[in-house]
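Have a look at the sequence and the structure first, then read on.

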Amino acid sequence: MANKTKKNPKVIAEIMEELATGSSIRSCLSPRNKKEDRPCWQSFRLWMAKDSNLRKEYEQAKTDGIEYLLSDATDTINEALENSKFKEKTDLGQTHLIKSFIDLTKWKSERLAPKTYMKKDSLQLMGSDSSPLVVKWDK
């Protein structure tokens with residue numbers, strides 16, 4: 001059952017700010033977020049369905065959150081590189097954890113903002129009916 005929280009511009013601004021700093025929508029809404037004024041997912045989704053401006057704000061906040069997560073991944077890499085300079089051997093578990101973190105961040109960015117972050121591989125077909133088919137990959 002949807003939470004009967006009333007639509008509040010201040011609360012929506014707080015949610016958008018949290019999304020823009022890389023938080024998930026689940027962590028911003030109730031019941032995960034214990035703030036009484038936070039809507040549940042069903043209410044928030046209904047608000048977005050009725051309000052196209054809210055949907056645009058949500059999409060922009062998620063895009064900003066991707067930028068934030070990518071910069072966080074870069075900071076994690078740089079920090080791990082700095083720490084590894086002072087060790088004889090780098091911890092393999094930490095290396096795999098960092099790689100997984102970076103892969104997840106890249107995957108999220110490709111799925112949530114494909115116009116900006118999708119791999120740019122494309123297939124191009126050239127030729128006419130009488131000529132042989134030429135396949136060329138552009139990167």
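## The overall layout

Helices here are DSSP runs of H or I with at least four residues, strands are runs of E with at least two, and both are numbered from the N terminus. By that count the protein has six helices and two strands. Read from the N terminus, the order is α-α-α-α-α-α-β-β.

A word on ground rules: this is a predicted model, where local features need pLDDT of at least 70, side-chain atom pairs count only at pLDDT 80 or more, and totals for chains, interfaces and linings use all residues. Residues are numbered from 1 along each chain as its sequence is written, and side-chain values use heavy atoms, with hydrogens and water left out.

## Surface and interior

Buried means under 20% relative accessible area, exposed means over 50%, and partly exposed is in between (1.4 Å probe, protein chains only). On that scale, 24% of the 139 residues are buried. The accessible surface, from the Shrake-Rupley method with a 1.4 Å probe, comes to about 10600 Å², and carbon and sulfur atoms account for 56% of that.

Contact means heavy atoms within 4.5 Å. Take the contacts between residues at least 6 apart in sequence: 51% of them join residues at least 24 apart.

Which residues of α3 are buried? They are Ser43, Phe44, Trp47 and Met48. Looking down the axis of α3, these buried residues fall within an arc of 135 degrees (taken from the directions from the helix axis to the C-beta atoms), so they line one face of the helix. They pack against α1 (9-20), α2 (25-28) and α4. On the face turned away from that buried side sit the exposed residues Ala49 and Lys50.

Helix α3 (residues 41-50) packs with α4 at an angle of about 115 degrees, their axes 5 Å apart. Those axes are lines fitted to C-alpha atoms over the stretch in contact, and angles run from 0 to 180 degrees between N-to-C directions. From α3, the contact uses Phe44, Trp47, Met48 and Lys50, while α4 brings Ser52, Leu54, Arg55 and Tyr58. Sorted by class, that makes five nonpolar, one polar and two charged residues. For the sorting, Ala, Val, Leu, Ile, Met, Phe, Trp, Tyr, Cys and Pro count as nonpolar, Asp, Glu, Lys and Arg as charged, and the others, Gly among them, as polar.

## Helix α5

Helix α5 (residues 92-112) has 21 residues and reaches 30 Å from first C-alpha to last, close to the expected 30 Å. That expected span is 1.5 Å times one less than the number of residues. Its buried residues are Ile98, Ile102, Thr105, Ser109 and Glu110. Seen down the axis of α5, they fall within an arc of 130 degrees, so they line one face of the helix. Their packing partners are α4 (52-84) and α6 (114-117). Exposed Leu92 and Leu97 are on the face turned away from the buried side.

Is Glu110 buried or exposed? Glu110 is buried, since its relative accessible area is 15%. Neighbours within four places in sequence aside, Glu110 touches Tyr117, Met118 and Lys119. Leu104, also in α5, is partly exposed at 44% relative accessible area.

## One more residue

Cys28 belongs to helix α2 and counts as buried at 0% relative accessibility. Its C-alpha is 9.8 Å from that of Glu17, eleven residues away along the chain.
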